[in-house]
Amino acid sequence: MSQTNSIAGRSTSSAVKKLIYAAMGIALGMVTSYIKVWDMPMGGSVTLLSMLFICLIGYWFGPRYGIVTGAAFGILQFLIDPYVLSIPQVLFDYPLAFGALGLSGFFSNRKYGLQIGYVVGVLGRFIFSTLSGVIFFAAYAPEGMNPWVYSALYQGSYLGTEGIITLIIISLPPVAKALEQVKKQAMA
């Protein structure tokens with residue numbers, strides 16, 4: 001086999017491997033999104049680490065793979081449990097918000113990169129969800145309450161709670177060690 005074919009084979013093999021890991025991340029994210037610690041009255045919930053599996057793809061393979069995986073996850077969330085006011089609202093609440101979880105990929109080579117990347121990904125999702133709340137759901141804010149404050153408190157209550165729980169779990173030494181081993185396998 002020539003060197004060109006060998007390189008192309010490795011590139012194809014690597015792409016397939018990344019696709020398989022991304023599919024597993026989406027599947028694990030979907031399954032854990034149904035394990036709800038608590039459900040918010042107008043959408044959103046604290047789940048058992050569902051955002052982590054999307055952030056891991058970004059962390060392992062970079063922001064491009066993470067954002068695409070997150071957007072695909074968001075579209076799947078929409079297809080399974082849609083809430084539609086308008087096309088822009090759907091874009092903000094699903095592919096953009098979940099795609100932002102892939103921002104974790106910008107921190108893959110840093111000390112505490114998974115923790116930092118996870119926080120940045122969740123903050124990205126928080127920003128899109130908060131904007132959606134202000135633009136499309138401001139009428140639900142209590143009388144006299146600023147829609148920005150209302151939306152930020154609403155989104156922050158469930159995203160922040162899940163974020164803190166996940167950060168604690170992934171910072172536990174046995175979990176951190178296990179995730180590092182999976183990263184090595186994913187990158188091999």
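Reader: Is Y140 buried, partly exposed or exposed?

Author: Y140 counts as partly exposed, because its relative accessibility is 45%. Here buried means under 20% relative accessible area, exposed means over 50%, and partly exposed is in between, using a 1.4 Å probe and protein chains only. Keep in mind that this is a predicted model, where local features need pLDDT of at least 70, side-chain atom pairs count only at pLDDT 80 or more, and totals for chains, interfaces and linings use all residues. Residues are numbered from 1 along each chain as its sequence is written, and side-chain values use heavy atoms, leaving out hydrogens and water.

Reader: Good to know. And F137, is that buried or exposed?

Author: F137 counts as buried, with 17% relative accessibility.

Reader: Okay, on to the rings. How many aromatic pairs are there?

Author: The count comes to 12 aromatic pairs. Rings of Phe, Tyr and Trp (its six-membered ring) pair if their centres lie within 6.5 Å; planes under 30 degrees apart are stacked, over 60 edge-to-face, and the rest tilted. Take F92 and F136: their ring centres are 6.0 Å apart and their planes stand at 65°, so this pair is edge-to-face.

Reader: Where do F92 and F136 lie?

Author: F92 belongs to helix α4 (residues 87-99) and F136 to helix α5 (residues 113-136), so the pair ties together parts that are 44 residues apart in sequence. Helices here are DSSP runs of H or I with at least four residues, strands are runs of E with at least two, and both are numbered from the N terminus. F137 and Y140 make a tilted aromatic pair, at 6.1 Å centre to centre with 35° between the planes.

Reader: Which rings form a cluster?

Author: Ring pairs link Y21, W60, F61 and Y65 into one.

Reader: Let's talk helices. How do the axes of α2 and α3 cross?

Author: They come within 6 Å and cross at roughly 160°. Axes are lines fitted to C-alpha atoms, for helices over the stretch in contact, and angles run from 0 to 180 degrees between N-to-C directions. α2 and α3 are therefore roughly antiparallel to each other (under 35 degrees is roughly parallel, over 145 roughly antiparallel, 65 to 115 roughly perpendicular, the rest oblique).

Reader: Which residues make the contact between α2 and α3?

Author: On the α2 side you'll find I54, I57, G58 and F61, and on the α3 side P63, Y65, G66, T69, G70 and F73. Contact means heavy atoms within 4.5 Å.

Reader: What about α2 and α7, at what angle do they cross?

Author: The axes of helix α2 (residues 50-61) and helix α7 (residues 173-187) come within 10 Å and cross at roughly 55°. That makes α2 oblique to α7. The contact involves L56, Y59, W60 and F61 of α2, together with L179, E180, V182, K183, A186 and M187 of α7.

Reader: Nice. Where does D93 lie, and what does D93 touch?

Author: D93 lies in helix α4. Not counting residues up to four places away in sequence, D93 touches F98, S132 and F137. D93 and F78 are 15 residues apart in sequence, with 8.7 Å between them in space, C-alpha to C-alpha.

Reader: And where is I75?

Author: I75 is in helix α3 (residues 63-80), and it is partly exposed, with a relative accessible area of 41%. From I75 to V90 is 15 residues in sequence and 9.1 Å in space, C-alpha to C-alpha.

Reader: Now the loops. Which loop holds G43?

Author: G43 sits in the loop between β1 (36-39) and β2 (45-47). G43 is partly exposed, at 36% relative accessible area. Leaving aside neighbours within four places in sequence, G43 is in contact with Y154 and Y158. G43 and Q155 are 112 residues apart in sequence and 9.4 Å apart in space, C-alpha to C-alpha.

Reader: Last one: what is phi of L49, and what is it for Y112?

Author: L49 has phi near 65°, a positive value in a residue other than glycine. Y112 is not a glycine either, and its phi is positive at about 60°. L49 is in the loop between β2 and α2 and counts as buried at 14% relative accessibility. Y112 is in the loop between α4 and α5 and counts as exposed at 54% relative accessibility.
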